[in-house]
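Please examine the sequence and the structure shown below. The briefing that follows is grouped by topic.

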Amino acid sequence: MSYSIVKYTPEYRDQVIALQGHLWSPDLAWNTAYFEWKYERCPYLDSPLIYLVLHEGKLVGMRGICGARWEMGETVDAFQALTAADLVIAPDHRNRGLFPMIMQAALEDLDRMGYRHLLNLSASPVTFVASLATGWRSTGSLQGMSRRSRPTVWQKLEHRLSKTPFLWRYQSRVSQMRSQRMLCALDRITPKRPAGRVIVESSARPEAMAELVQRIGGDGRIRHVRDAQYLAWRYKNPSCRYRFLFWYDTGLEGFLVLEQPASVYAKRRRISIVDWEGTNQEVRSDLLRVVLAEASLEELFVWGGAFSGPQRDLLTQTGFAPAFEPGRMSRHRPCVLVRCVRDEDLNKEWRVGGLPLADLSSWDLRQLYSL
């Protein structure tokens with residue numbers, strides 16, 4: 001079969017959204033909202049950067065590239081390293097070598113545009129293996145950790161429905177109802193049950209959060225820029241719902257952000273701590289204590305490798321343990337994949353500002369950065 005690789009233009013918009021039915025959801029309206037947020041409203045690219053595979057004029061595959069801006073060092077040197085996302089091949093065209101074909105075309109084009117490195121913070125097991133075979137490097141596990149409660153009546157009902165003939169179709173409805181009620185306890189903390197200096201809201205406060213991030217500062221490792229523009233955009237993700245815990249004294253001294261998939265098509269509906277900041281350990285501890293004490297969370301997940309020693313110790317002390325995904329690929333996820341854009345640099349050590357990109361210790365990573 002003859003294939004061609006082209007860059008995205010608006011004429012392919014409807015086809016891209018339909019093709020994402022194999023990855024995002026079968027709901028075209030939902031896919032449209034997510035596409036608009038992720039590719040058309042991203043603050044780091046003027047227009048969507050997507051590479052398309054065509055067969056006889058029809059879209060059969062794509063690879064999305066998302067804008068990102070990173071910073072590092074005590075003097076906060078900023079640089080761009082785009083993130084790869086949304087690899088989709090139509091079922092009838094899989095196992096035909098399209099992944100390396102589309103990636104090679106993308107890398108050559110990114111090189112012409114002046115980019116030097118590409119990241120992937122959300123590779124599936126299949127993409128992980130295929131990427132390593134085409135020159136990507138893994139920084140190592142981000143050390144996922146979870147805290148699980150005892151199975152609830154809702155969990156037991158959902159499990160039983162999934163194993164019962166004819167009734168399994170109702171499992172998704174029960175799962176959706178269960179996920180919707182998991183965050184309700186947090187909403188009841190204020191104002192009826194104020195939790196000290198912690199305020200819980202369903203909307204971000206981008207300016208105040210960005211000011212706090214800047215005030216706390218970094219430790220020299222590479223981290224994504226968290227300015228008001230980025231935070232305002234990031235927390236408009238239509239595929240998730242959020243709860244923001246803010247610790248106030250005379251001003252904002254800390255925040256913890258919970259994220260939960262909102263789509264009924266999500267494979268997992270667990271709640272994750274996607275960001276967590278505080279001016280001191282007391283603030284960070286208070287924020288986590290409120291979540292664990294007030295919210296009826298069946299499972300709470302976090303990238304343990306993202307946080308410093310004191311925060312990791314606090315997670316362990318409060319019942320978090322290594323999270324193991326089912327299947328043979330669990331040891332590789334979650335992780336960060338890195339690749340230089342030019343093939344002639346594959347055998348070199350990749351560094352930015354003196355920091356080795358393929359070394360996890362060079363990165364200050366939050367689940368917030370993964371799309």
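Two strands pair if DSSP finds at least two bridges between them, and helices (H or I, at least four residues) and strands (E, at least two) are DSSP runs numbered from the N terminus. The model is predicted: local features need pLDDT of at least 70, side-chain atom pairs count only at pLDDT 80 or more, and totals for chains, interfaces and linings use all residues. Residues are numbered from 1 along each chain as its sequence is written, and side-chain values use heavy atoms, with hydrogens and water left out.

**Sheet containing S9 and S15**

- Seven strands form an open sheet of mixed pairing, in the order S10-S12-S13-S14-S15-S9-S16.
- Its edge strands, S10 (198-201) and S16 (321-322), each pair on one side only.
- Strand S9 (residues 144-148) and strand S15 (residues 299-303) run antiparallel and are joined by five bridges.
- Within this pair, Arg147 stands opposite Leu300 in S15.

**Sheet containing S3 and S6**

- An open sheet of seven strands, again with mixed pairing, has the order S1-S2-S3-S6-S7-S17-S8.
- Strand S1 (4-7) and strand S8 (137-141) are its edge strands, each pairing on one side only.
- The twist from one strand to the next averages 25°, where axes are lines fitted to C-alpha atoms, for helices over the stretch in contact, and angles run from 0 to 180 degrees between N-to-C directions.
- Strand S2 (residues 49-55) runs antiparallel to S3, with seven bridges between them; the bridge partner of His55 in S3 is Lys58.
- Strand S3 (residues 58-66) is joined to S6 by six bridges, and these two strands run antiparallel; here Ile65 stands opposite Ala84 in S6.
- S6 and strand S7 (residues 117-120) run parallel and are joined by two bridges, with Thr83 opposite Leu119 in S7.

- Seven of the eight residues of strand S6 (residues 82-89) are buried, so the strand is largely enclosed by the rest of the structure; buried means under 20% relative accessible area, exposed over 50%, and partly exposed in between (1.4 Å probe, protein chains only).
- S6, H3 and S7 make a right-handed β-α-β unit; a crossover is right-handed if, with the strands pointing away from the viewer, the path from the first strand over the helix to the second runs clockwise.
- Asp86 lies in strand S6 and has a phi near 50°, a positive value in a residue other than glycine; at 10% relative accessibility, Asp86 counts as buried.
- Asn95 lies in the loop between S6 and H3, and its phi is near 60°, also positive in a residue other than glycine; with a relative accessible area of 84%, Asn95 is exposed.

**Nonpolar core**

- The largest nonpolar core has 109 residues, of which Trp70 and Leu365 touch the most other members.
- Helix H3 (residues 98-112) gives the largest share of this core, seven residues.
- A nonpolar core is a set of buried Ala, Val, Leu, Ile, Met, Phe, Trp, Tyr and Cys residues joined through side-chain atoms within 4.5 Å.

**Packing of H10 and H11**

- The axes of helix H10 (residues 281-294) and helix H11 (residues 309-317) come within 11 Å and cross at roughly 30°.
- H10 and H11 are therefore roughly parallel to each other; angles under 35 degrees count as roughly parallel, over 145 as roughly antiparallel, 65 to 115 as roughly perpendicular and the rest as oblique.
- The crossing of H10 and H11 is right-handed; a crossing is left-handed if the near helix is turned anticlockwise from the far one by less than a right angle, and right-handed if clockwise.
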